[in-house]
Amino acid sequence: MTQMTQTLTTTPAADELVVPFHCDRCGALAKVRVVLANGSDLVFCGHHAREYEGKLRDIAVDIIETDGEQRPTS
């Protein structure tokens, strides 16, 4: 029988964790996050954000430019 060796690992701090955003339309890296009144959000690459900009401004509570990454909030 083999004996298991205990290994200690560290979990990165929450502010170091990164979750990538991808465009809801095409899957490319997101550049814009649109927050809606009901609390949900949409994310778009630069191309699709520009294409839908007029309609998004009509329905958005907030439009946030992003580097394509989401950092968790506590």
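Student: Where does N38 lie?

Tutor: N38 lies in the loop between β2 (32-36) and β3 (41-44). Strands are DSSP runs of E with at least two residues, and helices are runs of H or I with at least four, numbered from the N terminus. The model is predicted: local features need pLDDT of at least 70, side-chain atom pairs count only at pLDDT 80 or more, and totals for chains, interfaces and linings use all residues. Residues are numbered from 1 along each chain as its sequence is written, and side-chain values use heavy atoms, with hydrogens and water left out.

Student: Why is N38 called exposed?

Tutor: Exposed means over 50% relative accessible area, buried under 20%, and partly exposed in between (1.4 Å probe, protein chains only). N38 has a relative accessible area of 64%, so N38 is exposed.

Student: What makes the pairing of the side chains of N38 and S40 a polar contact?

Tutor: A polar contact is a pair of N or O atoms within 3.5 Å; within protein, one must be able to donate a hydrogen and the other to accept it, and residues adjacent in sequence count only if both atoms are side-chain atoms. The two side chains make such a contact at 2.6 Å, and therefore meet the limit of 3.5 Å.

Student: Which residues form the largest nonpolar core?

Tutor: This core has 8 residues: C23, V32, V34, L36, F44, C45, A49 and L56. β2 gives the most to this core, with 3 residues. A nonpolar core is a set of buried Ala, Val, Leu, Ile, Met, Phe, Trp, Tyr and Cys residues joined through side-chain atoms within 4.5 Å.
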